[in-house]
Amino acid sequence: MKLLHRSFSSFPSSPLQTFLTIPQLCSNGRLQEALLDMAVLGPNMLGFHDYDALLNTCVNKRALREGQRVHTHMIKTSYFPPTYLRNRLLIFYGKCDRLADAHKVLDEMPDKNVVSWTAMISRYSQTGHSSEALTLFAEMMRADGKPNHFTFASVLTSCSGLSVGKQVHGLIIKWSYDSHIYVGSSLLDMYAKAGRIEEAREVFECLPERDVVSCTAIITAYAQLGLDEEALQVFQKLLSQGMSPNYVTYASVLTALSGLALLDHGKQVHCHVLRRELPFYAVLQNSLIDMYSKCGNLSYARRLFDNMPETERTSVSWNAMLVGYSKHGLGKEVLELFGLMREGKRVKPDSVTLLAVLSGCSHGKMEDTGLSIFDGMIAGDYGVKPDTEHYGCIVDMLGRAGRIEEAFEFVKRMPSEPTAGVLGSLLGACRLHVSVDIGEAVGRRLIEIEPENAGNYVILSNLYASAGRWEDVNSLRAMMLRSAVTKEPGRSWIQHEQTLHYFHANDRTHPRREEVLAKLKEILMKMKQAGYVPDHSCVLYDVDEEQKERMLLGHSEKLALTFGLIATGDGIPIRVFKNLRICVDCHNFAKIFSKVFEREVSLRDKNRFHQIVGGVCSCGDYW
């Protein structure tokens, strides 16, 4: 009767038609018919190939209920699956995110092999369960399991701590997998995430051969740590050796170009991607949006964003655009885009989203709106609870607005101890608004927390200097010398004919320095006629007025602007980038410079963009 019942679904209607086996039904995409046949055939009628075909189809389709039926059928018919099929069951449950069920299958296996252990470890790693992955790896070692290159690569992605990573590295050497390119790529990625780029580079250099995966891994490592020039050097080497970058490579290169704000190079990479007709995965599109916005071309970044299919826009896509607007001080545009994001619950905002929105309010003179949004976070309106960075953003917002005492009281009311980042925002505001008493208390506390951070000494020293407290300035400088704390030197750069030209304060190293200095003196005369008055408060040394003016003239931004005027033709925009915050005097200089010489000037400092046209800056002189 069972065989007759089965024949109704696939009885031949002509002499040419034949019965299809379960594997044939599965290969033809007819899973439901295969499951029906499984049920009809009953106990002891299915074998290895039938179950293998059913489970493979369920894995590929991530068909949870159907796979559970297959597993149940095995149990009910007392079928004793071999290790291979048990591994397929484990992989099936893992793919369907039923990790507890997958682990139960593993626990019940009488004979575990390397595939069994690795499949479970890999799934834990992929789903962010790092602790479980490492625990299972340790259990595998105690059970005398023999890891392979896939096992080690999976475990390394779960090593958030350097000490654990080094222990795994030791095992990799013991098992002679240290020269395996797949393991090597994961190993250097682990070191990079721990901030140990030297170790990552050493792993890369020791690989007997390198492919696009290992090159991409080291490029990504450099880009993530802000070593953008090194990332580009590896990318150029990759191209020179004839390797074909993939979409992940290009995404990482675009991150490096964003850090250096090299718009022309970014456009070239974009053209490479289009010419090679690479698939536009979301990660690549997000990197392009981020690159264009951080290089000052917000309109094109928005065009890319708008052209993305709505189904592919993730929170990362929205955040890239929101951060772009925020960095340019366009608070109104930030709020409009945030409203669009929340409209119809397109994408759920995350912590980065709210940070970008609060930052946009901070830079856009919209502190009351920002405070209202923060109160909404406290009340649970956005599904994101504020963390330390959000509190720091509110401190920055109040500080920029000159509400120093309110910001100080806000810090005191924080639910947790304020971090160096939060206190640093408050100290910067105290420097801006010359609030010496609060600034001194905050600065001294910061030096206790971060005695090696030169920035804290510098800002407090600047605050003392603005108040004319030169003895305190000298005392701080002496303390820096005793503690061997060194300040990061300020530098500005400008791109001309595919070359980056770097300038430091009072630079004497550039090959065209004499031409630049002569031109700068000529520019200064025209600037003063147009109303430029040097702001001596930006000089942090107790010297006479003439010497202060000479020191201001040597700032790296002014040297880079001068070189831009010499090197480029009339009417061409001048783009200058700086590694530190631009000073008030250089900002005023750039505004008058743009008006006198009829040039659009783009200045990107550590924190934000300044787009200056006809003497007017996009920041509204509020940064």
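This is a predicted model: local features need pLDDT of at least 70, side-chain atom pairs count only at pLDDT 80 or more; totals for chains, interfaces and linings use all residues.
Residues are numbered from 1 along each chain as its sequence is written. Local features need pLDDT of at least 70 and side-chain atom pairs count only at pLDDT 80 or more, while totals for chains, interfaces and linings use all residues; side-chain values use heavy atoms, with hydrogens and water left out.

Start with the chain. Its C-alpha trace spans about 105 × 55 × 50 Å along the principal axes. There are 623 residues, and 50% of them count as buried, that is, under 20% relative accessible area, against over 50% for exposed and in between for partly exposed (1.4 Å probe, protein chains only). The secondary structure comes to 33 helices and six strands. These are DSSP runs numbered from the N terminus: H or I of at least four residues for helices, E of at least two for strands. Take contacts between residues at least 6 apart in sequence: 61% of them join residues at least 24 apart. Contact here means heavy atoms within 4.5 Å.

In α3 (residues 31-41), the buried residues are Leu31, Ala34, Leu35, Asp37, Met38, Val40 and Leu41. Gly42 follows α3, with a positive phi near 70°.

Next, the domains. The chain is divided into domain 1 (210-313), domain 2 (387-487) and domain 3 (491-617). The bounds come from an automatic or database domain assignment. The centres of domain 1 and domain 3, taken over C-alpha atoms, are 30 Å apart. Across this pair, 14 residues of domain 1 are in contact with eleven residues of domain 3.

Now the strands. Six of them form an open sheet in the order β2-β1-β3-β4-β5-β6, with mixed pairing. β2 (499-504) and β6 (616-617) stand at the edges with a single partner strand each, so one side of each has no neighbour in the sheet. Two strands pair if DSSP finds at least two bridges between them. β1 and β3 pair in the antiparallel sense over two bridges. Ser492 stands opposite Lys578 in β3.

A pocket is an open set of points on a 1 Å grid over the protein atoms alone, with protein on both sides within 12 Å along at least five of seven lines; a cavity is a set where a 1.4 Å probe fits but cannot get out, and lining residues have an atom within 4 Å of a point. Points are joined across faces, edges and corners, and a volume is the space filled by probe spheres set on them.

The second largest pocket has a volume of about 750 Å³. Of its 26 lining residues, Asp228, Gly259, Leu260, Arg604 and Lys606 are the closest to its centre. Domain 1 and domain 3 both give residues to the lining, so this pocket lies between them. α15 (228-240), α16 (247-260), α18 (282-294), β1 (491-496) and β3 (574-578) each supply at least two lining residues. α16 gives the most, with four. By class, the lining has seven nonpolar, six polar and 13 charged residues. Ala, Val, Leu, Ile, Met, Phe, Trp, Tyr, Cys and Pro count as nonpolar, Asp, Glu, Lys and Arg as charged, and the others, Gly among them, as polar.

Last, the cavities. Three have 30 Å³ or more.
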